[in-house]
Amino acid sequence: MTIRKLKKISLLIAYVITIYIFFPDYAYAMHIMEGFLPFNWAAFWWVAMIPFVIAGVRSIKKTVALHPSLKMLLGMAGAFAFVLSALKIPSVTGSSSHPTGVGLGTILFGPTAMTVLAMIVLIFQAVLLAHGGITTLGANTFSMGVVGPFVTYAIYKGAKKLGAPLWLSVFLAATIGNIMTYVTTAIQLGLAFPAATGGVMASSVKFLSIFAFTQVPLAISEGILTVMVINILSAYSQKELQILAIFTGKELPTTKRRVNK
C-alpha cells in the first residue's frame, strides 16, 4: 500500500477510535469477564477453540509466506477488529454491547485466519482494557473468533453464489456474523448458568434479551461500516485485493509465480 492509501484507512480507524473515547467505560461488557465462568466450562471452551487456532496459524503462515505484500492488510484487519470490539455501548442492567469487527478480516482472509486475529485482539483487550479475561479467553474466542467468522464466511459465500452484489454480500455477512456471535455467547452463559425453571433455554433467552436492545442496531451499523471499508480498499488497494478471493472468486494462489503474472 502507498502512504496515500494508508492515510485514507487510518482516517477511518481514527474516526472509530474517537467515538470510543467519548463513550463511558462500563464494567460489564459482552465479552465474558475474568473468572465469571465455572472452571469446567472455561476449560471446555479453551479446548474447543484450539483446533481452529492451529488451523488459523497455518493459514496465516502460508498466506504471509506466499504473499508478503498482504501483511499490511492483515494487520489492518486485526486493528479494525480491536477498535470495534473495544467499543462498549451501554445496554440494560448496567451491561454493555459492542461490535465485533471480525467481518472484514473473515471476508479478506477466511474464517480460520480471523480466529487467530480475534484471539490476539481478545488477549490485548483483557490485559490492557480489563475487557474479557484470560480464563474466559477460550469462550470469548469461540464466540467471536470461531462462530462469528464461520457464519460470516458462509453468509458471504452463499450470497455471492446467489448473485448478490458485493456490498450486499458484505453487509449481510458482517451483520449476521455479529448477531450470531452474541447468540453463541448467550448460549455459553446459559449452559454455565441454567435457570432453575426452564434450564439452559430459559437462561440463554434471558441473556439474549439483555443485549437485544443495542446489539441489533450495532450489528447493522457494523455491516454498513464493513461495506464502507471494503469500498475504500476497493478504490485504493486494488493490487492487494486482486490477490484475494474477494474479487477473483478463487482461492489464494498457491505459488508466488501466479501472483506475479
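Predicted model: local features only at pLDDT ≥ 70, side-chain atom pairs only at ≥ 80, totals over all residues.

Biologist: To start with, how are α7 and α8 oriented to each other, roughly parallel or roughly antiparallel?

Modeller: Helix α7 covers residues 166-192, and its axis lies 7 Å from that of α8, at an angle of about 155 degrees. Angles over 145 degrees count as roughly antiparallel, and therefore α7 and α8 are roughly antiparallel to each other. Their crossing is right-handed. Sorted by class, the residues where α7 meets α8 are 20 nonpolar, eight polar and one charged.

Now look along α8 itself, which takes in residues 199-236. With 38 residues at 1.5 Å a residue, α8 should span 56 Å, and the 51 Å between its end C-alpha atoms agrees with that. Along the way, α8 has a kink of about 65 degrees, centred on alanine 212.

From there, let us turn to α6, which has two packing partners to visit. Helix α6 runs over residues 137-161. Its 25 residues should span 36 Å at 1.5 Å a residue, and the end C-alpha atoms, 34 Å apart, agree. There is a bend of about 25 degrees in α6 at glycine 148, and proline 149 follows within four residues. Just after α6 comes glycine 163, with a positive phi of about 90 degrees.

One partner is α5, residues 111-128, whose axis comes within 9 Å of the α6 axis and crosses at roughly 145 degrees. This crossing is right-handed. On the α5 side, the contact includes Pro111, Met114, Ala118 and Leu122, while Leu137, Met144, Pro149 and Tyr153 are among the α6 residues taking part. The contact of α5 with α6 counts 13 nonpolar residues, five polar ones and no charged ones.

The other partner is α4, a helix of residues 102-109, and here the axes come within 9 Å and cross at roughly 60 degrees. Roughly perpendicular begins at 65 degrees, and roughly parallel means under 35, so α4 and α6 are oblique to each other. Their crossing is right-handed. From α4, Val102, Gly103, Thr106 and Ile107 reach the α6 residues Met144, Gly148, Pro149, Thr152, Tyr153 and Tyr156. Six of the residues in this contact are nonpolar, four are polar and none is charged. Notice that glycine 148, where α6 bends, also belongs to the set that meets α4.

Note on methods: Residues numbered from 1 in each chain as written. Heavy atoms only, no water. Expected span 1.5 Å × (residues − 1). Bend = angle between axes of the 7 residues up to and from the residue. Axes fitted to C-alpha atoms, helices over the stretch in contact; angles between N-to-C directions. Parallel < 35°, antiparallel > 145°, perpendicular 65-115°, else oblique. Left-handed = near helix turned anticlockwise from the far one by under 90°. Contact = heavy atoms within 4.5 Å. Nonpolar A, V, L, I, M, F, W, Y, C, P; charged D, E, K, R; others polar.
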